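Dear colleague,

I am handing over the structure below, and I would be glad if you could look through it with the notes that follow beside you.

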Amino acid sequence: MPNFLDAIKGFGVTFGTMFKPPITEEYPEKPGPVAPRYHGRHQLNRYPDGLEKCIGCELCAWACPADAIYVEGADNTEDERFSPGERYGRVYQINYLRCIGCGLCIEACPTRALTMTNVYEMADDNRSDLIYGKDKLLAPLQPGMRPPPHAMAPGATDDDYYLGRITPSGGQERSDPGHRSSEEVAG
Ligand code: SF4
Ligand code: SF4
């Protein structure tokens, strides 16, 4: 008798579903929305003057359970500066054949250089095109940003960058230490 009741309960789900209107996703003509915090393609963010936030520390790579991230850091020089402070990410790769979208890498990043966008259309038919480098991962330059390498804002320290005190024109401003740029929030 208990088995019979279990079967009735199971069919209850089936019958309940039969009378609901069908939901048809018109993909790829009309891609549906994703949740605001969906874990899509990664993005390497910039400071408002265009310098890169990545310092090549490799914490994201060490945090990754799928061994999907490869980073090679290098030293900034006064003549060739890509990020505030001593180091920048000279090589940065994410292998999307390995990535499981867990987001542990973005939690590990100390400078909020790495975030995830809502972009999910990344299917491809070969391995090399699914290993994304800085050319695909770096956030595009926004109005007012200059492409690195270039010097830090006059008189600014790396702390001013980390604390969000840099304006797009390369000046300094006082702001909330938790400040995040608009493109980073969108990511
Ligand atoms: S989302 Fe997860 S699996 Fe993908 S690169 Fe980041 S830590 Fe690795
Ligand atoms: S993305 Fe973040 S955690 Fe990864 S190397 Fe760059 S600064 Fe370090």
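P28 is placed in the loop between α1 (2-18) and β1 (42-44), where helices (H or I, at least four residues) and strands (E, at least two) are DSSP runs numbered from the N terminus. Please bear in mind that this is a predicted model, in which local features need pLDDT of at least 70, side-chain atom pairs count only at pLDDT 80 or more, and totals for chains, interfaces and linings use all residues. Residues are numbered from 1 along each chain as its sequence is written, while chains are lettered from A and ligands numbered from 1 in the order in which they are written.

The peptide bond that joins Y27 to P28 is cis, with omega about 10°. A cis peptide bond is also found from P148 to P149, with omega near 10°, and P149 belongs to the loop between α4 (134-137) and α5 (158-162). These bonds deserve a look, because most peptide bonds are trans.

A153 also sits in the loop between α4 and α5. With 21 C-beta neighbours inside 10 Å, A153 counts as buried; the term applies if 20 or more other C-beta atoms lie within 10 Å of a residue's own, whereas 12 or fewer make a residue exposed and values in between partly exposed, with C-beta atoms placed from the backbone. The C-alpha atoms of A153 and L104 are separated by 32 Å, and the two residues are 49 apart along the chain.

Two positive phi values come next. E58, in the loop between β1 and α2 (59-63), has a phi near 75° although E58 is a residue other than glycine. E58 counts as partly exposed because it has 16 C-beta neighbours inside 10 Å. D67, which is not a glycine either, has a positive phi of about 55° and lies in the loop between α2 and β2 (69-75); D67 counts as exposed, since it has 10 C-beta neighbours inside 10 Å.
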